[in-house]
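This briefing is for a reader new to the structure. It begins with one term, then goes from the whole chain to single residues.

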Amino acid sequence: MDEQLSPMAAESSGTGGVDTVASRTDSSAMPTWVHSIALRHWHAVPVYFQLATQLRDLHEQGVIAAGEQLPQLHRLASWVGVGKKTVRYAVAVLVDDRLLHRRGDDFRFA
């Protein structure tokens with residue numbers, strides 16, 4: 001297949017455009033909402049900000065309940081296919097926006 005896909009073609013074909021977690025392993029205790037996260041690594045918007053925005057949207061839609069604990073950062077990073085540092089940056093955005101509250105090593109949604 002030609003490597004020069006348009007962004008829409010890449011998304012619809014599932015090759016390199018949108019990276020989802022549906023086919024990843026290590027799904028023990030994976031919240032169902034993790035499957036709806038789709039990150040575009042080729043996009044101009046930084047991946048950490050895409051992740052923060054999608055987590056915010058899921059919370060606002062009621063998919064992630066108030067008080068729900070965020071999975072461990074290394075586990076969430078593995079599930080969504082990014083580095084732990086990327087997840088840390090996304091979490092920092094949500095903490096700054098007061099959407100996440102830290103209690104020790106745990107982060108809970110407000």
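A residue is called exposed when its relative accessible area is over 50%, buried when that area is under 20%, and partly exposed in between. By that rule Lys-85 and Asp-96 of helix 4 are exposed. The model is predicted.

**Overall make-up**

- The protein has 4 helices and 4 strands, and from the N terminus on these elements run α-β-β-α-α-α-β-β.
- Of the 110 residues in the protein, 35% are buried.
- The protein exposes about 6,600 Å², and 50% of this area comes from carbon and sulfur atoms.
- Taking contacts between residues at least 6 apart in sequence, 53% join residues that are at least 24 apart.

**The nonpolar core**

- The largest nonpolar core holds 27 residues, and those touching the most other members are Trp-33, Ile-37, Leu-55, Leu-70 and Val-87.
- Two or more residues of this core come from each of helix 2, helix 3 (73-80), helix 4 (84-96) and strand 4 (106-109).
- In soluble globular proteins, nonpolar side chains tend to be buried together.

**Helix 4**

- The buried residues of helix 4 include Val-87, Ala-90, Val-91, Val-93 and Leu-94.
- These residues cover an arc of only 155 degrees around the axis, and therefore lie on the same side of helix 4.
- Lys-85 and Asp-96 are on the other side of helix 4.
- Helix 2, helix 3, strand 3 (100-103) and strand 4 are among what covers the buried residues of helix 4.

**Thr-53**

- Thr-53 is placed in helix 2, which covers residues 47-60.
- Is Thr-53 buried, partly exposed or exposed? Its relative accessible area is 25%, so Thr-53 counts as partly exposed.
- The side chain of Thr-53 reaches the backbone oxygen of Phe-49 at 2.8 Å.
- In sequence, Thr-53 and Ala-90 are 37 residues apart, while their C-alpha atoms are 8.3 Å apart in space.
- Ala-90 is one of the buried residues of helix 4, and helix 2 is among the elements that cover those residues.

Conventions:
Residues are numbered from 1 along each chain as its sequence is written. This is a predicted model: local features need pLDDT of at least 70, side-chain atom pairs count only at pLDDT 80 or more; totals for chains, interfaces and linings use all residues. Side-chain values use heavy atoms; hydrogens and water are left out. Buried means under 20% relative accessible area, exposed over 50%, partly exposed in between (1.4 Å probe, protein chains only). A polar contact is a pair of N or O atoms within 3.5 Å; within protein, one must be able to donate a hydrogen and the other to accept it, and residues adjacent in sequence count only if both atoms are side-chain atoms. Contact means heavy atoms within 4.5 Å. Accessible areas come from the Shrake-Rupley method with a 1.4 Å probe; for residues, only the protein chains shown count as cover. A nonpolar core is a set of buried Ala, Val, Leu, Ile, Met, Phe, Trp, Tyr and Cys residues joined through side-chain atoms within 4.5 Å. The arc is that of the directions from the helix axis to the C-beta atoms.
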